[in-house]
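Colleague: Could you walk me through how to read this model? I would like the general idea behind each feature, then the case at hand.

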Amino acid sequence: MESPAAQHPEARQAETQGLGVGMVGYAFMGAAHSQGWRTAARVFDLPLRPAMAAICGRDPDAVRAAADKHGWAAAETDWRALIARDDVQLVDVCTPGDSHAEIAIAALEAGKHVLCEKPLANSVAEAEAMAAAARRARARGQRAMVGFNYRRTPAIAQARRMVAGGRIGVLRHVRVTYLQDWIVDPEFPLVWRLRREQAGSGALGDLGAHIVDLAQYLAGERLVGVSALTETFVRDRPLPGTAGSGTAARGPVTVDDAALFTGRLASGALASFEASRFAAGRKNSLRIELNGDHGSLAFDLERLNELSFHDHTAPAADSGFRRILVTEPDHPYLEAWWPPGHGLGYDHTFVHQARDMVAAIAAGTDPEPSFEDGLQVQRVLAAVEDSAEKNCVYTPVPA
Ligand code: SOE
């Protein structure tokens, strides 16, 4: 189904050269990833030019509209047909978690590179199968990456540089919260994110997966065990389409609304995590702080162009947290953007994600986070659920 978007420059590239991208899914994440594919080669000098070959979704009219809106050359209604296209070399999986494994494995087996939205899967077993497929594909020169986009925030990448460069010394604490409030209202409908069979888990997989990945990425080490509490505050909700009708049929919420857990990192540093969709007033509040024996670093997604840094080796009289404005050309990703002081936003993380994936494919290197990294996060999430079932019993994370 060719669309009017065939007139777009991205579409013309799809016919000629570059790296043909096919995307499955066109909701929030599909739109965000589209921004990434559309913009990456217009900002960064890429060794391969992503060409937005085709987008896929089940509803023919809706997917056609999405193709036109986001600049995809063609629309497909069957993901198998998308994978089979000769002009698609990379498949980007932006569907709910229950189809990640099937689509990603089929794409890898068909010889395609794969970018898959987080969390990698809905279970450890699925994530293991995906990581095994990625290992087999790697031997054939294919690449696979998980979409933990927040790693691509320049300030987060700068914080990682500083931790790796020893600026905070020996790590003692990581403290992370990721808070939203979109289901505080008990009459908010039972959307797919609130059903275990589709989403795998609730705030834990959706928000907790991000902060587990970020904590481990920034620390440069993995969690070895966790103690957790989870809760579902509103246990049934109106079925979608019936909300507000007065006679709404209701169904059970089968995922957690909030997850609270502590963890031990391999070095002995301690970590704490809170993921909730019930933090009234917090729309998309992701905060992280790391404390080491030489200093501390703090990040707040609502001020995403900044880092707070305390140098504990400086004389006490003039030390304290200071603001680093992460907009300099030698900060990560910023060499290609605006002059200092002109900040970036949420959507840029998807541009950087596309850039990094394309660069790894062109260089023949392994992009990060890999499917192995996604599997390990899945193991942490499973350990959190096990621990919560046992009312916070310390639960090791399998290596
Ligand atoms: C919904 O809670 C959501 O869209 C997550 O799924 C995303 O990963 C996060 O970036 C924003 O919130």
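**Ligand, domains and annotation**

Modeller: Let's start with the ligand, which is surrounded by Phe28, Gln180, Asp206 and Asn284. A residue is near a molecule if its C-beta atom, placed from the backbone, lies within 6 Å of it. This is a predicted model: local features need pLDDT of at least 70, side-chain atom pairs count only at pLDDT 80 or more, and totals for chains, interfaces and linings use all residues. Residues are numbered from 1 along each chain as its sequence is written.

Colleague: How do the residues of the shell around the ligand divide by class?

Modeller: Ala, Val, Leu, Ile, Met, Phe, Trp, Tyr, Cys and Pro count as nonpolar, Asp, Glu, Lys and Arg as charged, and the others, Gly among them, as polar. Here the shell has one nonpolar, two polar and one charged residue.

Colleague: Into which domains is the protein chain divided?

Modeller: Bounds come from an automatic or database domain assignment. The chain splits into domain 1 (4-150) and domain 2 (152-396), with their C-alpha centres 24 Å apart. Their contact (C-beta atoms, placed from the backbone, within 7 Å) takes 40 residues from domain 1 and 44 residues from domain 2.

Colleague: Which element gives the largest share of the side of domain 1 that touches domain 2?

Modeller: Helices (H or I, at least four residues) and strands (E, at least two) are DSSP runs, numbered from the N terminus. On that side of domain 1, α2 provides the largest share, eight residues. By class, this side has 25 nonpolar, eleven polar and four charged residues.

Notes
Contact = placed C-beta atoms within 7 Å.
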